[in-house]
Amino acid sequence: MTYLELYNSAVGSLENSGCDSPEYEIRELLSYFFGFSRYDLSLKRNDSPDEKSENAFLDSVQKRCNGYPLQYILKSWTFMDCEFHVGEGVLIPRDDTEVCVRECIKLIDKKHMQSPRIIDLCSGSGAIAVTLGRRYPEAEIFAAELSEKAYAYLEENIRLNHTEKNVKPVKGDISVLYKNFGDGYFDVIISNPPYITTDEIPSLQKEVQFEPKLALDGGKDGLDFYRIICEKWLAKLKKGGIISLETGEDQGKAVSSLLISHGFPNVTIVKDISGLDRAVVNNE
Ligand SMILES: C[S@@+](CC[C@H](N)C(=O)[O-])C[C@H]1O[C@@H](n2cnc3c(N)ncnc32)[C@H](O)[C@@H]1O
């Protein structure tokens with residue numbers, strides 16, 4: 001097949017599978033498999049790839065039609081201008097997470113924290129910890145993660161983004177790791193924890209079913225990890241320190257109530273561009 005035939009047939013297949021942005025995704029795959037830049041499809045439309053590359057491309061289109069995430073095929077994704085390696089076993093960084101990171105940055109800057117000590121709980125790929133590490137070279141950032149596979153990506157992404165000096169990965173369960181740190185140790189606690197209710201998970205879109213359940217499952221009411229953070233970690237925050245937690249789209253009130261009942265009365269629910277709850281921060 002020529003590149004143009006491959007492109008048209010792949011876009012058609014992906015469209016039929018219910019994908020929202022088939023042209024964009026197939027262009028990404030052309031770039032990944034054939035090294036195409038933006039104009040190569042028109043320049044090389046009547047050429048053909050070798051059989052091996054064509055088969056690899058077609059296999060990946062088939063996988064994509066079955067819901068396998070594009071980001072896992074590309075093995076890499078961008079979050080807030082940093083590149084992250086991703087694959088099975090680690091959550092793909094989401095644009096939603098920018099909200100809690102941007103709020104956190106606003107507060108760090110407002111408080112003129114020069115070298116904040118930060119912990120990113122449930123760090124996954126390191127999207128949050130590494131982004132903050134790039135922004136604050138003088139900060140001391142800990143990135144806590146339980147999953148073996150995700151932890152390997154976390155270590156890799158710290159190296160990839162040259163943040164080894166100020167981002168330290170910590171392997172373990174956040175309901176135990178808190179014991180390693182003294183009270184009042186951190187200036188900032190930030191987290192995008194698992195927050196989907198257990199019952200909701202099977203009904204999530206097919207792409208999400210390929211992502212690790214450990215990264216999604218927030219227990220019966222989705223709030224298990226916010227309880228752990230409130231009960232075990234808030235004591236580790238310095239007076240006047242910053243809390244920035246990503247939440248599900250209807251969890252703002254519940255997470256705020258948890259923070260209020262644990263001694264943080266001044267909290268704000270931050271909405272995303274669609275007007276949905278996306279983060280809760282303290283604004284003392
Ligand atoms: C929603 S993902 C967030 C990943 C990353 N922070 C991000 O924003 O892309 C939650 C992460 O928490 C990790 N996790 C789940 N239970 C944990 C626990 N008890 N202790 C530490 N990490 C945990 C999962 O493996 C997953 O990487």
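1. Domain bounds, as used in this note, come from an automatic or database domain assignment. The structure is a predicted model. Its chain is divided into two parts: domain 1 covers residues 3-66, and domain 2 covers residues 88-282. Taken over C-alpha atoms, the centres of domain 1 and domain 2 are separated by 36 Å.

2. Consider next a pair of helices, helix 2 (residues 22-34) and helix 4 (residues 51-65). Two packed helices are described by the angle between their axes and the distance between those axes. For helix 2 and helix 4, the angle is about 145 degrees and the axes lie 10 Å apart. Their crossing is right-handed. Helix 2 contributes Glu25, Leu29, Phe33 and Phe34 to the contact, while helix 4 contributes Ser53, Ala56, Phe57, Ser60, Val61 and Arg64.

3. Strand 4 spans residues 140-145, and it is mostly covered, with five of its six residues buried. On one side of the account stands strand 3 (residues 117-121), which pairs with strand 4 in the parallel sense over five bridges. Within this pairing, Arg117 has Glu140 of strand 4 as its bridge partner. Between strand 3 and strand 4 the chain passes through helix 7 (residues 127-135), and this β-α-β crossover is right-handed.

4. Strand 4 also pairs with strand 5 (residues 167-171); the two run parallel and are joined by five bridges. Here Glu145 stands opposite Lys171 of strand 5. Helix 8 (residues 148-160) forms, with strand 4 and strand 5, a β-α-β unit that is right-handed.

Conventions
Residues are numbered from 1 along each chain as its sequence is written. This is a predicted model: local features need pLDDT of at least 70, side-chain atom pairs count only at pLDDT 80 or more; totals for chains, interfaces and linings use all residues. A residue is buried if 20 or more other C-beta atoms lie within 10 Å of its own, exposed if 12 or fewer, and partly exposed in between; C-beta atoms are placed from the backbone. Helices (H or I, at least four residues) and strands (E, at least two) are DSSP runs, numbered from the N terminus. Two strands pair if DSSP finds at least two bridges between them. A crossover is right-handed if, with the strands pointing away from the viewer, the path from the first strand over the helix to the second runs clockwise. Axes are lines fitted to C-alpha atoms, for helices over the stretch in contact, and angles run from 0 to 180 degrees between N-to-C directions. A crossing is left-handed if the near helix is turned anticlockwise from the far one by less than a right angle, and right-handed if clockwise. Two residues are in contact if their C-beta atoms, placed from the backbone, lie within 7 Å.
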